[in-house]
Amino acid sequence: MEEKLKKPLHVKEGKVIKTPSEKNETSSTSGTDTGKTSNDKSMKEKMGEKKENMSNKIHEVKEGASKKTEDIQEGISDVTEEANKTKEEYEKESEKEGMTPAEKVLNDIVTRFRQGTGQINDAISDYNTKPEDGKESKSNKPKKALKPLVDVLETNDTVYLIADISGVKKDNISIGISKNSVELTVKYKEDAEIEDAKFTQKERSYGETNRTVKLSSEVKVHEAKANFRNCTLTITLPKVVEDITKVDIDD
């Protein structure tokens, strides 16, 4: 019995022959190693694909950034070229006009500002008064006599008209009142107070101007009152209140 236990292997022609149990163990180990190798290979392939995808994305980002950089550089180049061209033109024009480029730029800004001011003055031409002959031309523009700015307020029994009129005395203001309107006429100075002087800029009001304000209610013309203080004209106009007569009904 002991001799059989001491001989776990069979020998045949100088070769070791494994028992069935040992063969099973060897086969199991080999299968495990094969599966592990296959998993490792699959994992490496996945890692390789991810690495390749990442490399592709990085390459795309670099290409996009490179293109944007080129576009920016082209834009900067165009702006620089345009600025140099404008600078050269200003230098030539300023040299012709006997000015430095900086003086030329400042002069252009002032000119444009004056043009804008002229357009604004034209936009409010409805508030300007024409010369006495009523004619208007490029060489004979209206005097800058602005119409008075007026507020109209009402209570149940009174209408108040408030106007801002500066630069005149009360004797230079005329008020005409009808039952549903008020007409204001203001006479400013005809010209500047300094002799032998001419205007290089003219913004104050000169000459005569008038404005008619319509009223929404009829007023008592003969009971109107006016007050002029601190360049503010206030006109108080009592409303016409209709008398209501009660009539008895006969039986």
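1. Let me start with Lys239: at 13% relative accessibility it counts as buried, where buried means under 20% relative accessible area, exposed over 50% and partly exposed in between (1.4 Å probe, protein chains only).

2. A word on the basis: this is a predicted model, in which local features need pLDDT of at least 70 and side-chain atom pairs count only at pLDDT 80 or more, while totals for chains, interfaces and linings use all residues. Residues are numbered from 1 along each chain as its sequence is written, and side-chain values use heavy atoms, with hydrogens and water left out.

3. Which side chain meets that of Lys239 in a salt bridge? Its partner is Glu154, at 2.9 Å, N to O; the term stands for a side-chain nitrogen of Lys or Arg within 4 Å of a carboxyl oxygen of Asp or Glu. Glu154 belongs to strand β3 (residues 149-154) and Lys239 to the segment after β9 (232-238), so the pair ties together parts that are 85 residues apart in sequence. Glu154 counts as partly exposed, at 36% relative accessibility. The count by this rule is one salt bridge.

4. Do look at Thr185 too, in strand β6 (residues 181-187); strands (E, at least two residues) and helices (H or I, at least four) are DSSP runs, numbered from the N terminus. Thr185 counts as buried, at 16% relative accessibility. Neighbours within four places in sequence aside, Thr185 is in contact (heavy atoms within 4.5 Å) with Asn172, Ile173, Ser174, Glu208, Thr209 and Asn210.

5. Finally, Glu74 sits in helix α2 (residues 20-96).
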